[in-house]
Amino acid sequence: MAKKNQKIKTPPQKAKSFQPRMLSFLWVIVLLGLSATFILQMQKPNEENDKEKKKNEEKKKEKVKLSMASWFNLSYQRETEEDMKSNSPIGKQLIPFKNQLDYDLFDKINVKDFVVGKEGYIFSIPWIEGYLGRNFIGEKKIEDLLQKAKAVQDTLKKKNIDLVLIYAPGKGTYCKDFLPEKFLKYPKSTTNYEVFVSKSKELGLNYIDLQEYFLKLKPTAKYPLFAQFAHHWTSYGECLAIDSVIKYIEKIRNSYVAHLTIKEVLLEDKPKYRDADIIGKAKLMSAPTPSTKYAFPKVAFQTRTDSKPVKVLGIGDSYYRGFLYLGAMRYAFDNGEYWYYNNKVTLSNGKSTNEVWELDLKKEIEKNNVILILYSDGSLANFGNGFIQNAYQLYTNPEQYLIDSQKEKQLSSYKKKIRNNPSLLNIAVDNAEAMHIDIDSAITLNAIEMAAQQNSEKDKH
Amino acid sequence: MVFSSISFLTVFFPLFILIYSLLPKKVGIKNTFILFSSIIFYSWGGPKFIFAILTTTVLDFFLVKIMHQKNNPAQRKLFLFFSVGLNLGLLFIFKYFNFFIDNVNSVSGIFGISSIHLAKIILPIGISFYTFESITYSVDVYRRIHKPLDNFWEYQLYIILFPKLIAGPIVRYHDISDQIKNHVQNETMSNKLSGFIQFCIGLSKKVLIANAMGEQADAVFSMNPLDINSQSAWIGALAYTMQIYFDFSGYSDMAIGIGKIVGFRFPENFNNPYTSTSITDFWRRWHITLGAWMKNYLYIPLGGNKVTPSKLYINLGIVFLMSGLWHGASWNFVFWGAYHGFFLIIERAFLLNALNKAGKIPSILYSFLVVVVGWVFFRLENIHLAFGFVKKMFSFNFNSAEGIVTNNDFDYLIFVALFFSFISLNKHVKSLHDKIFYSGMSAAQYVFFTFIAFVLYTLCLAFVSGSSFNPFIYFRF
């Protein structure tokens with residue numbers, strides 16, 4: 001009996017001693033797992049290529065160092081946090097993993113303002129809104145702007161300078177059959193594009209309607225004009241757009257402009273360059289397979305020594321970049337500049353120099369033969385980003401222009417100062433968080449405050 | 001530092017746990033390490049305010065110590081007054097001063113009196129939480145519920161203990177006073193593992209669910225209510241309802257989880273609040289430690305239940321107005337408090353009986369509806385916008401042109417959030433939940449849940465790495 005009892009009691013005793021050991025073992029695994037996370041975080045990232053290495057070295061130069069000031073204004077903590085996220089080996093592995101999960105599970109692409117449509121087509125929301133007319137600014141606003149543009153066009157014509165407005169196609173319009181279903185619940189209404197084109201015609205403005213041109217070409221185009229995983233027109237589409245613009249300039253200037261010729265077209269299965277711009281930014285573990293082949297034209301510009309070069313200034317959204325990448329700015333436009341959203345100045349070699357407000361507008365305009373303003377349908381709501389209004393004031397009321405531009409310069413210089421100064425930028429970031437506004441708005445508010453302070457000090461003196 | 005930040009998850013947390021586990025089992029050494037870690041934790045996000053906490057705790061500690069030594073009731077009251085006054089004074093200056101001046105200016109503006117300039121005051125992180133904890137120390141010692149701590153650094157540890165410092169749970173002094181000296185005894189393997197599991201569950205609530213809900217809520221609430229239809233307004237309200245629950249309860253779970261790992265037992269802060277059958281029940285399940293604080297340190301001193309019905313309703317009103325104001329220095333929070341207070345009063349007066357008769361499901365639907373509408377007032381600081389938003393919710397306008405396009409992840413995760421919010425209505429799930437959190441598991445269950453916790457931890461790391469910084473809602477308070 002006693003033996004029996006002993007036998008009965010034994011297993012629970014064994015279980016009792018087994019459980020703590022098991023739990024201790026589990027806890028050790030937890031500790032090892034956490035330690036591995038820490039070790040991975042502390043490792044230096046592998047710089048995959050020279051380009052990345054160079055980029056990181058540049059970043060390191062700008063890196064905020066640990067100091068009392070950087071600690072107390074939180075800039076050190078913010079930068080360390082950001083660095084740990086994106087530059088550590090753990091971040092480099094996990095970010096694509098997370099992006100892939102989002103893409104596979106939710107059809108979600110982690111690039112701001114971009115959504116996935118049917119058959120994997122990627123769209124920018126403002127460009128979908130451009131197609132649907134959801135960002136329509138109203139007929140009156142467009143008419144006012146274009147009347148000013150007409151006045152500028154006429155004034156510049158007397159100085160032998162041509163102003164040309166270009167309405168570039170948007171992906172939402174061109175690829176409307178692939179728009180995400182969710183957006184199609186919105187009724188389609190009047191679009192900025194429709195009114196811009198009709199008013200431009202009515203007012204006698206120089207304009208090129210590339211949207212209409214692309215839509216006409218769509219059924220017969222040899223290669224895709226818009227790519228599945230990109231936001232902009234394809235390299236081939238860019239070639240067609242550049243060709244049309246060059247021919248238009250030739251016509252209105254009555255002078256030869258270097259022609260773009262396609263020497264060869266390489267067909268590839270995988271998108272690259274701008275044809276993969278958004279899918280590249282999405283940082284996925286593996287890129288999705290495209291449904292069509294991609295065409296990459298090799299281009300050349302036929303220059304002529306006997307013709308007088310035509311200097312062209314381009315003001316535009318990102319669709320104008322094609323003019324830079326394919327060499328049109330250098331070879332056809334006599335090294336003319338590109339003012340990205342009328343803000344950042346880009347030279348024909350791709351380098352960015354000043355911001356537009358730092359320049360003498362009159363001098364800049366008048367050193368060119370042609371001024372192009374190119375916006376695609378998603379960004380037409382901000383057509384010219386103030387260039388037309390400024391040029392109009394400059395030529396119709398120069399005194400007032402001087403006063404207003406001085407104010408604008410003061411404000412812009414403070415904005416630049418804030419962006420370049422980590423402490424000031426941190427204050428703006430804090431304000432943005434506290435006021436629930438975006439950082440740009442917070443920077444503007446702080447710049448207004450600094451300018452007002454400077455002006456009141458000036459008044460006192 | 002934020003629990004859901006990459007610096008916490010990959011550096012602070014692993015190092016803290018690892019070093020803590022390697023330290024000898026001596027409470028003095030372990031407490032010193034926790035204190036040191038807590039200072040680093042707080043300094044990372046609020047370096048300017050660490051000195052403010054350190055200074056006030058010195059003053060508080062000595063005021064309470066002197067109070068305890070006094071036998072004269074009047075003198076004891078005086079020291080209690082100083083101690084509570086110091087804490088509430090600081091809270092007033094940092095949190096309510098500008099709100100007060102703003103309202104004074106609004107009134108004086110009517111009479112043409114020039115306005116007072118608003119000072120630039122930044123709110124120290126977690127001040128509402130540690131102020132309430134400091135008050136419990138003074139009051140508990142005053143009430144002789146527990147004697148004060150002998151060692152200043154132990155008191156400092158109670159206040160600054162990092163898991164609960166920033167967003168609770170609000171740990172009352174008498175609940176933790178003994179643990180400060182003996183928490184090492186509770187450092188069992190089962191506590192450590194269940195603490196880690198609870199931490200990972202809380203982290204997942206925040207990172208995998210609350211953030212997706214928050215993104216959708218932000219998109220709706222940033223729009224003018226006039227520009228959206230009823231469907232969108234409900235989507236926004238529901239998204240915020242889920243965000244605030246998974247965000248705040250997630251934080252509490254993480255805090256309680258870390259506490260368990262180092263042997264502390266912090267009180268639970270949530271108990272499936274959206275399954276409440278009344279607003280009275282909701283306040284027993286939502287932010288439980290704030291409710292307990294309000295009951296013990298405000299409602300009972302006001303007379304509690306032992307008063308006339310009219311006085312009782314007034315007391316309830318005061319408690320809920322204060323509770324609203326505690327959340328933020330803005331009229332919308334006051335309104336939110338009053339709104340809940342109103343439902344609590346009418347429930348006491350007659351509604352509870354009616355709800356009991358109506359049955360469980362209608363009662364839950366009623367409570368959930370009241371709570372969802374309440375969150376709109378909590379979310380929108382501009383009270384006019386909040387009313388406009390609620391009006392939109394009930395205007396039954398389904399014009400698709402005024403609709404919003406929801407985020408793809410929200411479309412799926414809202415169901416996950418609703419599922420986890422209401423699943424405890426199922427008895428089996430409830431018992432499983434209680435088993436994970438409150439009673440011991442078998443070895444096999446520990447293996448399974450630890451594995452799940454690790455998967456969630458890795459998933460959360462990926463989501464934290466790939467998303468922009470997203471602080472907890474209750475950090476503002």
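Two strands are taken as paired if DSSP finds at least two bridges between them. Helices (H or I, at least four residues) and strands (E, at least two) are DSSP runs, numbered from the N terminus. What follows is a predicted model, in which local features need pLDDT of at least 70 and side-chain atom pairs count only at pLDDT 80 or more, while totals for chains, interfaces and linings use all residues; side-chain values use heavy atoms, with hydrogens and water left out. Residues are numbered from 1 along each chain as its sequence is written, with chains lettered from A and ligands numbered from 1 in the order in which they are written.

On the confidence side, the predictor hands the complex an ipTM of 0.79 and a pTM of 0.83.

Going strand by strand, β3(A) and β11(A) run parallel and are joined by seven bridges. Within that pairing, A:Y167 has A:Y375 of β11(A) as its bridge partner. Strand β7 (residues 312–316) of chain A also pairs with β11(A) in the parallel sense, over five bridges, and A:L313 sits opposite A:I371 in β11(A).

Strand β11(A) is mostly covered, with seven of its seven residues buried; buried means under 20% relative accessible area, exposed over 50%, and partly exposed in between (1.4 Å probe, protein chains only). The cover is on both faces: A:V370, A:L372, A:L374 and A:S376 are buried on one side, and A:I371, A:I373 and A:Y375 on the other.

Between the chains, helix α4 (residues 75–86) of chain A meets helix α1 (residues 6–22) of chain B: their axes come within 9 Å and cross at roughly 85°. That makes α4(A) roughly perpendicular to α1(B), on a scale where angles under 35 degrees count as roughly parallel, over 145 as roughly antiparallel, 65 to 115 as roughly perpendicular and the rest as oblique. The contact (heavy atoms within 4.5 Å) is made by A:E81, A:M84 and A:K85 from α4(A), with B:I6, B:S7 and B:V11 from α1(B). By class, that gives three nonpolar, one polar and two charged residues. Here Ala, Val, Leu, Ile, Met, Phe, Trp, Tyr, Cys and Pro count as nonpolar, Asp, Glu, Lys and Arg as charged, and the others, Gly among them, as polar.

A few loop residues of chain A round out the picture. A:L184 is in the loop between α8 (171–174) and α9 (192–203) of chain A and, at 35% relative accessibility, counts as partly exposed. Leaving aside residues up to four places away in sequence, A:L184 touches A:K118 and A:L179. Its C-alpha atom is separated by 8.6 Å from that of A:L132, 52 residues apart along the chain. A:N335, in the loop between α14 (328–332) and β8 (338–340) of chain A, has phi near 60°, a positive value in a residue other than glycine. A:N385, in the loop between β11 and α16 (387–396) of chain A, has phi near 45°, again positive in a residue other than glycine.

In chain B, helix α8 (residues 173–182) has B:Y173, B:I176, B:S177, B:Q179 and B:I180 buried. Their cover includes α2 (27–45), α5 (127–142) and α6 (152–160) of chain B.

Conventions: Axes fitted to C-alpha atoms, helices over the stretch in contact; angles between N-to-C directions.
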